[in-house]
Amino acid sequence: MSIEKRMLARELKLAAARPGDIFKPMWFLMLVISMVPLALSPDSVLLADIGSAMIWVATLLALLLNTEHLFQSDFSDGVLEQWLLLFLDRPLAWLVGLKLIVHWLFHVVPLICITPIAGLMLSVPTDVLIALLMTLVVATPALTCFSGLGAALTLGSSRSGILGVLVMMPLFVPVVILAAGVLIRATDGSEILPLMALLGAFSLVAATLVPIAVSAAIRLNIGGSN
Amino acid sequence: MIFEPVSLNISQVSCERDDRLLFHNLSFALRSGDILRVAGPNGAGKTTLLRMIAGLFEVQDGVITIDQEPLSERRHQVLYIGHKPQVSRDLTVIDNLKFLTGFDEPVVKQALIDVGLRGYHDSLVKELSQGQGRRCALARLWCSEAPIWILDEPYTALDVTMVETLDRKINAHVAQGGLCLFTTHQLPQSLNFETLELGRVD
């Protein structure tokens, strides 16, 4: 069996064994969205105005919730160090990339899939909802990569979750700003393609470079641990 | 399987961690058929030494070679089982081993029978006892093709039968031309090993 097949088979089985990791962030997203009209106002004009931005931020937080411990259990079980020892003829960055892709497919895509329901709950207009979905599809690879890097950097420290998010905050900001730009333009009915292209570029650069940084962070943490 | 003769050379290796000198100018050589127990009090640097030889901890000072070649060239000849569980709690016994060894089901199943986990193939590791989990991690030895074994606390949580099984396996491995380094605080009865005492840096 090739190394990639072994990696993928393991990641898929792990995802299947931990359904809570998939559903918890979805619950979180729906909970936040259903609280907004209660806390703010049930006025559908107001909700339609701020709805898409609320959903975007809630999705970002839900994504952080399930990515902050991406490497933690493999690290504490000692399986992560076996990656370094067993798969000598593959770059670690490539294996990290595979793990990030599987994570995005199984933990982030389900989140994106339920955002239309959230959009209906906040009476977001259809064209804005479509723009929202597009920004999420294009931007979440970058967000997944960045929070994965935060998780890898803070592997060795005991309360790693929030620290990793804090470290990566500056990288989330441009993505959020670009996505908000797209949403504003979609609400106005003006051209969204240039900003979408920028968002896409952000994700592509992140997907190319972040696995290298993650693998360096993993080596660093494994070298310093017992 | 009979291994080609292999030699492991550790020369003038020193290690400092967190401003403490763990060992200084440590040199020894092992050849096919050798078993070495690395001993010493807690915190003496046993795990660090083993992780250095496995290539997980950078050698800061000194040289480690396998057959006169640098360690990084020969890492596929080393099998390292650390003191962490080495297996994922959320996966079944057989999935863990298939991932770690790359072997197909029949080979892995035989290894599980050898370590006394017959009938536990499809149990999740988190459902096993600690000793059974350890047996699962050690089952890798039964599928291993690496001549150099590095085992950190392999006897932890094992019952008498499994200790004897493991001793027999290590003896068979070195009889085939392999070599083995391990740490333990309990003395194995049926192994013929040398001891390296760490923790006497003056």
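Helices (H or I, at least four residues) and strands (E, at least two) are DSSP runs, numbered from the N terminus. This is a predicted model, in which local features need pLDDT of at least 70 and side-chain atom pairs count only at pLDDT 80 or more, while totals for chains, interfaces and linings use all residues. Residues are numbered from 1 along each chain as its sequence is written, chains are lettered from A and ligands numbered from 1 in the order in which they are written, and side-chain values use heavy atoms, with hydrogens and water left out.

**Stop 1: helix 4 of chain B.** Select residues 130-138 of chain B. Helix 4 of chain B is mostly covered, with 8 of its 9 residues buried (buried is under 20% relative accessible area, exposed over 50%, partly exposed in between, with a 1.4 Å probe and protein chains only). Among the buried ones are B:Gln132, B:Arg134, B:Arg135 and B:Cys136. What do the buried residues of helix 4 of chain B pack against? Show strand 6, helix 2, strand 7 and helix 5 of chain B, and you have the partners.

Stop 2: Now pick B:Ser123, in the loop between helix 3 (105-114) and helix 4 of chain B. B:Ser123 counts as buried because its relative accessibility is 15%. Leaving out residues up to four places away in sequence, B:Ser123 touches B:Leu91, B:Thr92, B:Val93 and B:Leu128.

**Stop 3: strand 7 of chain B.** Select residues 148-152 of chain B: 5 of the 5 are buried, so this strand is largely enclosed by the rest of the structure. In a regular strand the side chains alternate between the two faces of the sheet. Here B:Ile148, B:Ile150 and B:Asp152 sit on one side and B:Trp149 and B:Leu151 on the other, and all are buried.

Strand 6 of chain B runs parallel to strand 7, joined by 4 bridges, and B:Leu151 is the bridge partner of B:Ile81. Strand 8 (residues 179-183) of chain B is also parallel to strand 7, over 5 bridges, with B:Phe182 as the bridge partner of B:Leu151.

**Stop 4: the other sheet to click on.** Chain B also has an open sheet of 4 strands in the order 2-1-4-5, with antiparallel pairing. Strand 2 (20-31) and strand 5 (69-70) stand at the edges, each with a single partner strand, so one side of each has no neighbour in the sheet.

**Stop 5: over to chain A.** Centre on A:Val137 in helix 7 (residues 126-153) of chain A. Is A:Val137 buried or partly exposed? At 41% relative accessibility, A:Val137 counts as partly exposed. Not counting residues up to four places away in sequence, A:Val137 touches A:Trp104 and A:Ile112.

Technical notes. Contact means heavy atoms within 4.5 Å. Two strands pair if DSSP finds at least two bridges between them.
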